[in-house]
Amino acid sequence: MNNRRLIYLDNNATTPCDPRVVETMVPYFFEKHGNAASRSHQFGWEAEDAVDYAREQIAKLIGAEDKEIIFTSGATEGNNLAIKGVFEMYAKKGNHIITAETEHKAVLDTCKHLEKVGAEVTYLKVQEDGMVNLAELEAAIRPTTILVSLMWANNETGVIQDMKTIGQICEKHGVLFHSDATQAVGKIPTMVREMGVHLMSFTAHKMYGPKGVGALYVSRKNPRVKVTAQIDGGGHERGMRSGTLNVPGIVGFGKAAEIARLEMEQDAARLSKLRDHLQAELTKLEETKVNGNEGSRMPHVANISFKHVEGEGLMMTFNQNIAVSSGSACTSASLEPSYVLVGMGLGDDLAHSSIRFSLGRFTTEEDVEDAIKLVANGVNHMRDLSPIWEMYKEGVDLTKIEWAAH
Ligand SMILES: *Cc1c(COP(=O)(O)O)cnc(C)c1O
């Protein structure tokens with residue numbers, strides 16, 4: 001094993017650009033540097049054509065019309081535009097929004113913001129397997145409900161929600177359905193009409209495209225949805241999002257979408273085999289737990305708890321060699337346990353002992369083999385040093401111990 005090699009298994013945080021994407025982008029920094037809104041010369045026309053082509057590729061990937069794609073700076077902006085935009089546009093209809101506790105912060109914090117300006121928000125709990133309880137969802141709908149916002153696939157566990165049924169529930173009650181599909185688009189089929197999704201946020205950098213560019217799908221028929229702009233200016237993107245388009249970024253996003261459409265199936269088949277192997281080997285270790293519904297999960301993700309091992313410490317044993325993410329919130333300076341895992345009913349200790357492995361298009365068999373050895377060694381090493389593990393092995397009931405206050 002080459003110890004200097006760093007294995008990247010954190011593709012849910014961001015993916016590397018596909019070289020084919022970068023190659024397609026390069027001319028748009030140089031000879032084709034025009035502003036897509038410049039209507040009076042060749043540079044502008046060329047940029048506009050390139051944006052049109054990219055928009056078509058992105059629309060095709062999700063089964064939408066070109067005009068239903070609004071370019072943004074990423075999924076965070078897409079989520080803000082969808083949720084704030086619907087809240088403002090449909091204020092006369094109501095002020096109630098339904099989401100779930102395990103959503104991305106870009107959704108949760110947007111909802112929290114809206115609560116300060118008059119929104120009522122229901123944060124659904126999820127079941128132990130990470131799935132939303134559909135009966136609870138339906139029961140939460142009120143006459144004032146304007147929006148249901150539920151993610152397609154969770155970034156920490158890979159759990160895929162029952163999009164079709166959620167879409168049917170929204171349809172039945174005449175409520176708009178927004179989905180943060182950042183982790184799903186380009187990796188599994190995400191056809192918006194089949195699922196009854198009316199607004200959908202996603203981003204290029206989670207699907208082998210560049211950072212800083214994303215899109216919001218906004219349905220134009222059955223129903224025709226409108227969102228109030230959150231960034232005003234030159235009236236770009238049908239008035240819903242002003243600002244000079246990031247032409248090279250959009251070109252790269254379009255190429256990433258084209259590749260994803262053509263290669264998604266084979267990528268998913270290869271990655272699910274590698275992921276299953278990784279998971280099978282690592283769960284041979286004693287006292288492990290796989291987090292999230294294994295029957296409805298992204299093909300490249302495994303979130304595993306190694307009981308009685310502190311995740312951050314475990315990561316230190318191998319983070320010279322493997323890049324992964326732990327079950328601690330990286331957004332806070334203090335190491336709080338992941339609210340997603342806690343929301344699924346994991347105790348703080350189990351949440352702290354969790355590692356998210358997210359594979360990607362450039363993950364090799366060798367990467368996975370090496371990662372298995374490194375992680376297994378790390379877990380065994382940590383447990384050898386751990387008095388808690390020793391007590392567990394001696395049969396002490398750890399739940400009965402009274403720890404000194406910390
Ligand atoms: C990465 C991610 C985001 C944020 O996307 P950006 O383009 O980085 O703003 C939002 N939601 C989910 C589920 C994500 O995984």
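Predicted model: local features only at pLDDT ≥ 70, side-chain atom pairs only at ≥ 80, totals over all residues.
Close-up 1. A polar atom in the side chain of Asp180 is placed 2.6 Å from a nitrogen atom of the ligand. The ligand taken alone would expose 390 Å², of which the protein buries 87%.

**Close-up 2. The shell of residues around the ligand.** Besides Ala75, Asp180 and His205, the residues that surround the ligand include Gly74, Thr76, His104, Met151 and Asn155, and Thr182, Gln183, Thr203 and Lys206 also belong to this surrounding set. By residue class, the shell comprises two nonpolar, eight polar and two charged members.

**Close-up 3. Buried residues of helix α9 and their cover.** Within helix α9, which spans residues 311–318, the buried positions are Gly311, Gly313, Leu314, Met315 and Phe318. Their cover includes the strands β10 (301–306), β11 (322–323), β12 (325–326) and β13 (354–358), together with the helices α11 (348–352) and α12 (365–384).

**Close-up 4. Leu350 in helix α11.** Leu350, a residue of helix α11, counts as buried because its relative accessible area is 16%, under the 20% cut-off. Leaving aside residues up to four places away in sequence, Leu350 touches Lys289, Ser305 and Lys307. Between Leu350 and Val375 the separation is 25 residues in sequence and 17 Å in space, taken from C-alpha to C-alpha.

Technical notes:
Residues numbered from 1 in each chain as written. Heavy atoms only, no water. Near = heavy atom within 4 Å. Polar contact = N/O pair within 3.5 Å; in protein donor to acceptor, adjacent residues only side chain to side chain. Areas by Shrake-Rupley, 256 points an atom, 1.4 Å probe, with all protein chains shown as cover. Nonpolar A, V, L, I, M, F, W, Y, C, P; charged D, E, K, R; others polar. Buried < 20%, exposed > 50% of the residue type's maximum accessible area, 1.4 Å probe, protein only. Helix = DSSP H or I, 4+ residues; strand = E, 2+ residues; numbered from the N terminus. Contact = heavy atoms within 4.5 Å.
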